[in-house]
Amino acid sequence: MKKFSWLVFAFILFLLVGCSNPEQSNSADSSNTEEETNTEETAASDSNETQYPLTIDNYLTTDGVTYETHSQTFEEAPSKVVANTQGMAEILVHLGLTDKIVGVSALYGETDPEIAEDFAKIPVISEGYASKELVVGADPDFVMGRAGLFQDAEWGVGSITGLNELGINTFVQHASLTGGTLDSLYKDIEDIGKIFNVQDAAAEYISELKEEQSAIEEKASEKPLTYAYVFDGGEGKISPDPGGDYTFIADILDNLNLTNALADSEGTVSVEQLVEINPDIFILSHYAGGPDTQATIDSFYNDEALQSINAIKNKAIMVIDFNQFFGYGPTILDGASKLADDVAANENLK
């Protein structure tokens with residue numbers, strides 16, 4: 001702004017000095033107008049630049065269940081990042097930050113085809129969930145991703161406090177917290193844009209995703225339907241999952257006119273309870289290293305204890321990709337679009 005004020009002052013002074021020469025005055029007016037325009041554009045661009053040190057409000061947990069606000073300060077843009085899930089890494093790649101990623105873990109689903117080539121360049125520190133030892137061994141200055149994985153456990157990347165004490169900043173995805181929505185995902189991308197000084201790329205990506213969201217919501221079922229998350233509990237036996245805490249997953253499915261039938265259930269849901277609740281659809285997650293999906297589907301359809309449930313009678317076991325729905329990244333929109341198409345294609349649900 002000081003530069004801009006000086007230029008304005010210089011411009012006025014130049015006009016006063018040159019007013020005795022009409023030709024010179026016209027020339028100065030044309031030249032300085034162009035310079036002033038360029039200066040305004042530069043100032044507008046600079047106003048969108050991250051000013052370091054930057055402090056971002058994020059989260060801290062001591063039990064992996066409850067979270068409180070916890071700020072993280074960045075002296076500069078991170079240069080060595082570990083993403084604790086595939087979905088987190090995919091956001092970074094979409095923002096042009098592939099070369100900042102020194103490790104990714106939890107590769108349980110399909111990679112976003114749009115970025116598959118760049119994603120393949122990322123070092124994989126674990127196909128499954130990464131331990132703190134593996135994460136710290138990658139020598140990161142920043143660890144990002146799913147909230148529940150910031151734990152001192154065999155499957156956890158380490159606690160937020162512990163990583164911070166090692167001089168490693170952390171970022172818990174808003175979308176992975178209880179009560180998260182699609183707006184939480186957009187907040188994640190916005191914050192990442194600020195942290196890495198790629199705000200323009202973040203804003204453009206958010207705009208694209210919102211357009212995609214609008215298109216998907218037009219696929220909403222005309223008839224309200226209920227669903228239940230289920231998985232193979234072993235030997236093809238069904239295990240219902242209340243799924244009430246699955247954050248922005250419930251948000252986007254609500255927008256498709258699909259309601260979680262088990263959202264108010266607490267603890268373990270028995271088969272008898274599932275029969276009584278009687279959901280219209282079963283949603284079954286497919287993930288790398290998991291049980292054979294088709295074998296599980298066949299087992300559920302043939303289970304005598306389930307035959308009175310609408311989802312079984314409707315032949316409505318819908319398969320979703322684990323990364324799309326539980327990676328807490330933008331591919332949730334791809335997964336939701338496919339799910340909406342599968343629901344629309346099932347004549348028994350109309």
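Modeller: A helix here is a DSSP run of H or I with at least four residues, and helices are numbered from the N terminus. With that in hand, and bearing in mind that this is a predicted model, the secondary structure comes to 14 helices and twelve strands.

Colleague: Which helix gives the negative patch its largest share?

Modeller: That is helix α8, residues 199–217, which supplies four residues. The patch of negative charge on the surface gathers Glu49, Glu114, Asp200, Glu204, Glu208, Glu211 and Asp334, and Asp200, one of these, lies in helix α8.

Colleague: Why is Asp200 called exposed?

Modeller: Exposed means over 50% relative accessible area, and Asp200 has 57%, so the label applies.

Colleague: What makes Asp139 and Lys80 a salt bridge?

Modeller: The criterion is a side-chain nitrogen of Lys or Arg within 4 Å of a carboxyl oxygen of Asp or Glu, and the closest N and O atoms of Asp139 and Lys80 are 2.8 Å apart, which meets it. This pair links distant parts of the chain, since Asp139 sits in the loop between α5 (132–137) and β6 (142–145), while Lys80 sits in the loop between β2 (67–74) and β3 (81–83), 59 residues apart. Side chains of opposite charge can pair when their charged atoms come close.

Colleague: How many salt bridges does a search of the whole structure find?

Modeller: The search finds seven. Among them is the pair of Asp191 and Lys187, whose closest N and O atoms are 3.1 Å apart; both residues lie in helix α7 (residues 182–195), four residues apart, or about one turn of the helix.

Colleague: Is Asp191 buried or exposed, and how is Lys187 classed?

Modeller: Asp191 has a relative accessible area of 2%, and because buried means under 20%, it counts as buried. Lys187, at 32% relative accessibility, counts as partly exposed.

Colleague: What do Lys219 and Asp341 tie together?

Modeller: Their side chains meet in a salt bridge, at 3.1 Å from N to O. Lys219 lies in the loop between α8 and β8 (225–232) and Asp341 in helix α14 (residues 332–345), so the pair ties together parts that are 122 residues apart in sequence. As for accessibility, Lys219 at 33% counts as partly exposed, and Asp341 at 39% counts as partly exposed as well.

Colleague: What makes helix α3 a mostly covered helix?

Modeller: Nine of the nine residues of α3 (residues 86–94) are buried, including Gln86, Met88, Glu90 and His94. Just after α3, Gly96 takes a positive phi of about 75°.

Colleague: How much of the protein is buried, and what share of its contacts is between residues 24 or more positions apart?

Modeller: Buried residues make up 47% of the 350 residues. Among contacts with a separation of 6 or more, residues 24 or more positions apart account for 62%. The protein exposes about 17,200 Å², and carbon and sulfur atoms supply 49% of that area.

Methods
Residues are numbered from 1 along each chain as its sequence is written. This is a predicted model: local features need pLDDT of at least 70, side-chain atom pairs count only at pLDDT 80 or more; totals for chains, interfaces and linings use all residues. Side-chain values use heavy atoms; hydrogens and water are left out. Patches are made of residues with over 30% relative accessible area and no salt bridge: like charges are joined within 9 Å, nonpolar side chains (Val, Leu, Ile, Met, Phe, Trp, Tyr) within 5 Å. Accessible areas come from the Shrake-Rupley method with a 1.4 Å probe; for residues, only the protein chains shown count as cover. Lys and Arg count as positive and Asp and Glu as negative; His and the chain ends are not counted. The place of a charge is taken as NZ of Lys, CZ of Arg, CG of Asp or CD of Glu. Helices (H or I, at least four residues) and strands (E, at least two) are DSSP runs, numbered from the N terminus. Buried means under 20% relative accessible area, exposed over 50%, partly exposed in between (1.4 Å probe, protein chains only). Contact means heavy atoms within 4.5 Å.
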